[in-house]
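Q: Please walk me through this structure. I would like to know what stands behind each term.

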Amino acid sequence: MLPRPFVRSPLAVAALVVVVAWFAVAVAAPLIAPAPPLAQDIAQRLAPPGPQHWLGTDPLGRDILSRVLYGARISIPVGMAAVALAVLLGTLVGGIAGGTGGAVDEAIMRATDLMLAFPTVILAMIISAALGAGVWNAVLAIMVAWWPSYARFARGLVLAARGREYVEAARAVGASTLRVFGRHILVNVVSPIVILSTLDVGHAILTFASLSFLGLGPPPQIPEWGSMIASGRDYLVQWWISTFPGLAILTLVLALNLVGDSLRDALDPRLRRL
Amino acid sequence: MNLAVYIGRRLLLLPGMLVGITLLTFVISHAVPADPVAANLGDQAAANPETVAAFRHRWGLDRPVPQQYLIYVWRLVHGDMGMSISTHQPVATDLGQDLPATVELAFAAMLISVAVGIPLGIVAGVRRDTAVDQIARSSSLIGVSMPVFWLGLVALLVFYAWLGWAPSAGQLSPRLSRPPVVTGFVVVDALLAGESDVARDALSHLVLPALVLSSYSIGVITRMMRGSMLDVLGEDYVRTARAKGLPGLRVTLRHAARNALLPVITIVGLSFGGLLSGAVITETVFAWPGLGSYAFRSATSLDFPAIMGVGIVVASVYVFANLLVDIAYAVADPRIRMG
């Protein structure tokens, strides 16, 4: 099922294994975690990594390994949801821009220029300051910040597809505008966008963790990697509090990026030499 | 089209973008469900209808919305971004104090990224698929996959807490006083005032956060430079230069790298916006007294005027950076302004 150049690259396969493992952890966290993520072992607070708590405990005596494993249950779905929503909105708007053209197109494109001038984190801070912190608002912030790039990409694809002979042919035989758009243009737009967007999930997970680190994500008791790292800021000497959630983010995002890169190389031979 | 006309055209677009930014921030600040009256006045004052009416009148909240926008822009043009709810100072004053520290940090990080990323990208492109290339590719991939706030904490742990090589967080050691403000950049100001020990101290505080902040853009620039080199090395003129018997290094630098640099200029300019984003996070880790720390404090205390001010400033900086990139590009590549 996977393209051959991908399967031949040991690094790509290893990265894929890591990604699959993290997905499995997200699903099976309650079964494999040694302790519930909120359970406090006050006698063992700030315990270093050892036989009882493999990755140590945090200032409230919660088991870090368990919280890291549970963290995957938030980061992975959030990363996927944020990208999916941004793609949906971006494709819709970009499709309208490319499909109608003229003044509507111009207005939409200028609006995307404008949105892209606001860095994601600043935009997210504005949204959170307005609506309050929370997982959903963080997802919303990423969506608001990212849809313009997808809109531009989708618009480019629509414009390219519109000029193709088969679209002209469909028009010539009398297909309605809606039918041409749905049956002939949309199908050629969706698959490149879906591929592009899967490459961005790692980036979305990273962005979500940053927002959460800044206190713009879920409330602190929820096991989430970014806020776990933030909770270790005042405990530099107890290095394990922030080191392990950070390694979780790094391994997952690095693996996702490696898979994405290798997949892109394998699917697009023109880019392979890059 | 000559260069002056091209630059003129790009400059004409600038006011439009700035109007757009103010329109966008205005819409967001008016779409907010939180009542600005309650947010600005406090419970006791908000209970008094006269105070509320006076407040609404003062801020133009009793006028039609288009008029409110004009008032908003009028105030902005005069440097009035409202009062910060948490610092009780004008937002513009706060931003004026904090912006130089952020620009200093972002600029230092940009210098590091360019100084490391471009040579690394050239070598990786020329020595493609060798060990050097593999190292360059994997380190740049790690750079873009690394949570910058985590890297900052780990750097503090290793270089401050364990090795004692780096000073603690902040922009200057507490025992030293800040040099008189000329540029706002502490390192430059200290040098101008002839206080070399202050300059050295400020520089030592700058190194670690700048390195951490550059981790992402080094990765981006290396990848871009490598890809661009590979494109250019396959060109006919490079082959011709080699066929003429020119030395390899000369061909690499004069013929290939110079042309490969063009698309990288864009990425360098665009990553300045990314650096500002990263600076927000890096600053909170290193207690760097800049825009990022200010934005963070404002966002967590729901200080809406302050966070809007940061948004406007950062977006405007980004728009100007883009403009400079476009102009630099047109100067470097005549095809752009002809097209």
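A: Two residues are in contact if their C-beta atoms, placed from the backbone, lie within 7 Å. In chain B, residues 24 or more positions apart account for 70% of the contacts with a separation of 6 or more. This is a predicted model: local features need pLDDT of at least 70, side-chain atom pairs count only at pLDDT 80 or more, and totals for chains, interfaces and linings use all residues. Residues are numbered from 1 along each chain as its sequence is written, while chains are lettered from A and ligands numbered from 1 in the order in which they are written.

Q: How many residues of chain A are in contact with chain B?
A: 38 residues of chain A are in contact with 44 residues of chain B. Helix 10 of chain A gives the most to its side, with nine residues. Helices here are DSSP runs (H or I, at least four residues), numbered from the N terminus.

Q: What contacts does A:Ile122 make, leaving aside neighbours within four places in sequence?
A: Its partners are B:Ser277, B:Val280, B:Ala295, B:Val310, B:Gly311 and B:Val314.

Q: How do you know that the length of helix 6 of chain A agrees with its span?
A: The expected span is 1.5 Å times one less than the number of residues. Helix 6 has 28 residues, so it should span 40 Å; its end C-alpha atoms are 39 Å apart, which agrees.

Q: What share of chain B counts as buried?
A: Of its 339 residues, 39% do. Buried means that 20 or more other C-beta atoms lie within 10 Å of the residue's own, placed from the backbone.

Conventions
Helix = DSSP H or I, 4+ residues; strand = E, 2+ residues; numbered from the N terminus. Buried ≥ 20, exposed ≤ 12 C-beta atoms within 10 Å, placed from the backbone.
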